[in-house]
Amino acid sequence: MKHAKSWAVLLIAVLMVASLAACGGNSKSSNDTKKPENSASTNTETPKDEKVELTFWSLGTTNYEELAKEYTSLHPNVTFKFQNTSDQTAHHNNLTTALSAGSGAPDIFMLEIAFMERFISAQDKFYNLYDYGAKDIESNYLDWKWKQATSVDGTFQLGLPTDIGPTVAYYRADLIEKAGLPADPDQLSAAIDTWDKFAQVAKTFKEKTGKPFADLTDLVFNGLRDQSPDQIYFNKADGAFIGDTNPQIKRAYDFTVKGIQEGWIANYQLWSPEWNKAINDGEFGVMLGPAWMAGTIRNAKDTAGKWKIAQLPEGAGNWGGSFLTLPKEGKHPKEAYEFIAWLDNKDNQLKSFEQSGLFPSIPALYEDPAFLKGDDFFGGQAIAKEYSKSAVRVKPVYYGPLHDQTDTFFKNALKNVLEKKADPTAEWNNAIDQAKKLAERS
């Protein structure tokens, strides 16, 4: 599977992909933004006082419409027309259709990371943000987050980073204490700072409480999977399947099997009513999840004050987060870039965090007083600080356009081991075989 495939072929392929998903700026003013350096960009400049309406396809819950009104008050000639949806698949499919047809795409498109590989290989359909001054603000952002939207050769920047989803270990402090384990976040983080120690703590918790330590196989597998060095199932250079030779994938699989066989991983399905009830009823000790998962936990109102956050063993991972991109159908890329650079700067990322819970991709914010505030639901812990610790531990990793489909093969294998007592080796071999066939067909 090569990144050089034609747009027509890419369109056919991506419309068949069912993606799973959960879900940066400049401390300078927009007046510091550089003018485009190439002639194509210069031709699209608009006279200073000409009225400009920018269409913006946004995704999920943000405060971007309010910020856009603030921007218009500063730049009266620039107004906005928003189209917002919470349906990630439809949102990205609509852009695929518009780009293929050559009409209907917005000036600004909010791109979720789970769909990045669909579009980054179609660079001719987007403006290169490096042509508009993005190099000047690159250092403001987390390096791993910026690189998620950078071409393999480093010459093309598809989008400006917005929010991120650093992963942590959410835990029931009352149950941890009942098991005789350290309930203090720093102490528990130290007690599980390797995956081997995590497994030992999990066994102790199960023995002392009679409850499973972790909630479900998928999130445990994700915890190790996302700590793969550089790439997971596919080679970034040529798209070749490498899941069978990446030792971290086998380690993630074997570790999850260990948890199943030792009884410290529960049999719940992500997002199921049973899982949500278990969260509320305290039926397990730990959930490995991203920053935005706190919203799900908060729905269990009866558990307020009982939760805390520790760090994952041996590193961190990321699940979710978006980018602001400029499709080439837009007629005002200079104005659009100046706006997204302003929207995504340090001050406005802080506003988006405080008003909409979008965790910032600008690490300079992690020392802001807003990140030191205690959260009553989490026992007074400054949870934003814990997310910050995780965010700076994340390493750049390549997923590839077939990641979600391939990942499902391994998740199904683990489900069979858990629910059907299937042979782990046979299930692993079957997952590898399915993944190879998928890669060959693509």
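**View 1. Asn429 in helix H18 of a predicted model.** Asn429 is partly exposed, with a relative accessible area of 46%, where buried means under 20%, exposed over 50% and partly exposed in between, using a 1.4 Å probe and protein chains only. Asn429 belongs to helix H18 (residues 424-441); helices (H or I, at least four residues) and strands (E, at least two) are DSSP runs, numbered from the N terminus. From Asn429 to Ala413 the C-alpha atoms are 9.3 Å apart in space, while the two are 16 residues apart in sequence. The model is predicted, so local features need pLDDT of at least 70 and side-chain atom pairs count only at pLDDT 80 or more, whereas totals for chains, interfaces and linings use all residues. Residues are numbered from 1 along each chain as its sequence is written, and side-chain values use heavy atoms, with hydrogens and water left out.

**View 2. The largest nonpolar core.** This core has 68 residues, of which Tyr170, Tyr337 and Phe339 touch the most other members; a nonpolar core is a set of buried Ala, Val, Leu, Ile, Met, Phe, Trp, Tyr and Cys residues joined through side-chain atoms within 4.5 Å. Helix H14 (residues 333-343) gives the most to this core, namely seven residues. Once neighbours within four places in sequence are left aside, Phe339 is in contact (heavy atoms within 4.5 Å) with Leu54, Phe56, Ala68, Tyr71, Phe80 and Ile108. Another core lies apart from this one and has 53 residues, among them Leu188, Trp195, Phe198 and Ile232.

**View 3. The aromatic pair of Phe198 and Phe255.** The structure holds 40 aromatic pairs, which are rings of Phe, Tyr and Trp (its six-membered ring) with centres within 6.5 Å, counted as stacked if the planes are under 30 degrees apart, as edge-to-face if over 60 and as tilted otherwise. The ring centres of Phe198 and Phe255 are 6.1 Å apart and their planes stand at 50 degrees, so this pair is tilted. Because Phe198 lies in helix H9 (residues 195-209) and Phe255 in helix H11 (residues 247-262), the pair ties together parts that are 57 residues apart in sequence. Phe198 is buried, with a relative accessible area of 0%, and Phe255 is buried as well, at 7%.

**View 4. An aromatic cluster.** One aromatic cluster is formed by Tyr170, Phe353, Phe359, Tyr366, Phe371, Phe377, Phe378 and Tyr387. Tyr170 is also one of the residues that touch the most other members in the largest nonpolar core.
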